[in-house]
Amino acid sequence: GNLIAVGTRGSRAVDRLCRERGLDASADYPGPEGYVIDVAPDGIVVAGSDTAGAFYGVLTLAQMIEKGKGAAVEGVTIYDRPDLRMRILFMMKNLLVDKNVDDAVALIQRATDCKMNRLFLSDFKFWLLDDMTNRYFDNVERVKSAARKGVMEIIPDVSGLGRSEGVLRHNRDLAEGYPVTDAPFVAAGDTAAFLPDRRVSFPNG
């Protein structure tokens, strides 16, 4: 058949086709970002447990068609979901350089084919946004657009280890460290040791 139905459970057409074919795709099975692909003589159904699942189902179907070099896809039912909840692409780029952005977009597209869902993006210029021109923000938007198309969440790295000069550029006095008052020390002989306040805690620390 010529029918190709794509969507998430909850959409009327996809729900009807799943009932007729005895299919299901939910948060329980195959799970978050999961999908079912059902190829039958009367058409193809791609049902995702959520939006990402439907997207990944379409990617898998496209890979099946590509592998078959355009030949007919045999009747099959596939349930699948990514094994890992977080699948991260780490990228360090100077986004002021147009060629770097071209490379970044191409790499995001490859990562999309591999069903990666996070982009950890590092650029020292994140510290210097008040000095950037419109061209820089246009380039950032190109990267954001590519990530959105691939259903990838961007995690910006604005505090890279060992790269404190960015924040010090805005306030050099921070190089002196945070001011401390009334900190208790225990003196013994010629040594004074800092006595930490056990009442102080940091979330996730």
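Biologist: Which residue in E7 is the bridge partner of leucine 121?
Modeller: This is a predicted model, so treat every value as computed. E6 and E7 run parallel, and five bridges join them. In one of these strands, E7, leucine 121 finds its bridge partner, proline 156.

Biologist: Are H3 and H4 roughly parallel or roughly antiparallel to each other?
Modeller: Take H3 (residues 98–113) and H4 (residues 134–149): their axes come within 9 Å and cross at roughly 10°. Angles under 35 degrees count as roughly parallel. H3 and H4 are therefore roughly parallel.

Biologist: How many nonpolar residues has the contact of H3 with H4?
Modeller: On the H3 side, the residues include Asp98, Val101 and Ile108. On the H4 side, they include Arg135, Asn139 and Val143. By class, the contact has four charged residues, one polar residue and, for the nonpolar class, seven.

Biologist: Which elements each supply at least two residues of the core?
Modeller: The largest nonpolar core has 19 residues. Met91, Leu95, Ile108, Leu119, Leu121, Val143 and Met152 touch the most other members. The elements that each supply at least two residues of this core are E5 (88–92), H3, E6 (118–122) and H4.

Biologist: Which residues does methionine 152 touch, not counting residues up to four places away in sequence?
Modeller: Methionine 152 is among the core residues that touch the most other members. Its contacts beyond four places in sequence are Leu89, Ile108, Ala111, Thr112, Met116, Asn117, Arg118, Leu119 and Ala147.

Biologist: Is tyrosine 56 buried or exposed?
Modeller: Tyrosine 56 is found in H2 (residues 51–67). Leaving aside neighbours within four places, its contacts include Glu33, Pro82, Lys115 and Val151. Its relative accessibility is 0%, so tyrosine 56 counts as buried.

Biologist: How many Å apart in space are tyrosine 56 and glycine 34, C-alpha to C-alpha?
Modeller: In sequence, tyrosine 56 and glycine 34 are 22 residues apart. In space, C-alpha to C-alpha, the two are apart by 7.8 Å.

Biologist: Which residue in E4 stands opposite isoleucine 37?
Modeller: E2 (residues 35–40) and E4 pair in the antiparallel sense over five bridges. Opposite isoleucine 37, E4 places isoleucine 78.

Biologist: What percentage of the residues in the chain is buried?
Modeller: The chain has five helices and nine strands. Of its contacts with a separation of 6 or more, 64% link residues 24 or more positions apart. Of the 205 residues in the chain, the buried share is 32%.

Technical notes:
Residues are numbered from 1 along each chain as its sequence is written. This is a predicted model: local features need pLDDT of at least 70, side-chain atom pairs count only at pLDDT 80 or more; totals for chains, interfaces and linings use all residues. Side-chain values use heavy atoms; hydrogens and water are left out. Axes are lines fitted to C-alpha atoms, for helices over the stretch in contact, and angles run from 0 to 180 degrees between N-to-C directions. Helices (H or I, at least four residues) and strands (E, at least two) are DSSP runs, numbered from the N terminus. Angles under 35 degrees count as roughly parallel, over 145 as roughly antiparallel, 65 to 115 as roughly perpendicular and the rest as oblique. Contact means heavy atoms within 4.5 Å. Ala, Val, Leu, Ile, Met, Phe, Trp, Tyr, Cys and Pro count as nonpolar, Asp, Glu, Lys and Arg as charged, and the others, Gly among them, as polar. A nonpolar core is a set of buried Ala, Val, Leu, Ile, Met, Phe, Trp, Tyr and Cys residues joined through side-chain atoms within 4.5 Å. Buried means under 20% relative accessible area, exposed over 50%, partly exposed in between (1.4 Å probe, protein chains only). Two strands pair if DSSP finds at least two bridges between them.
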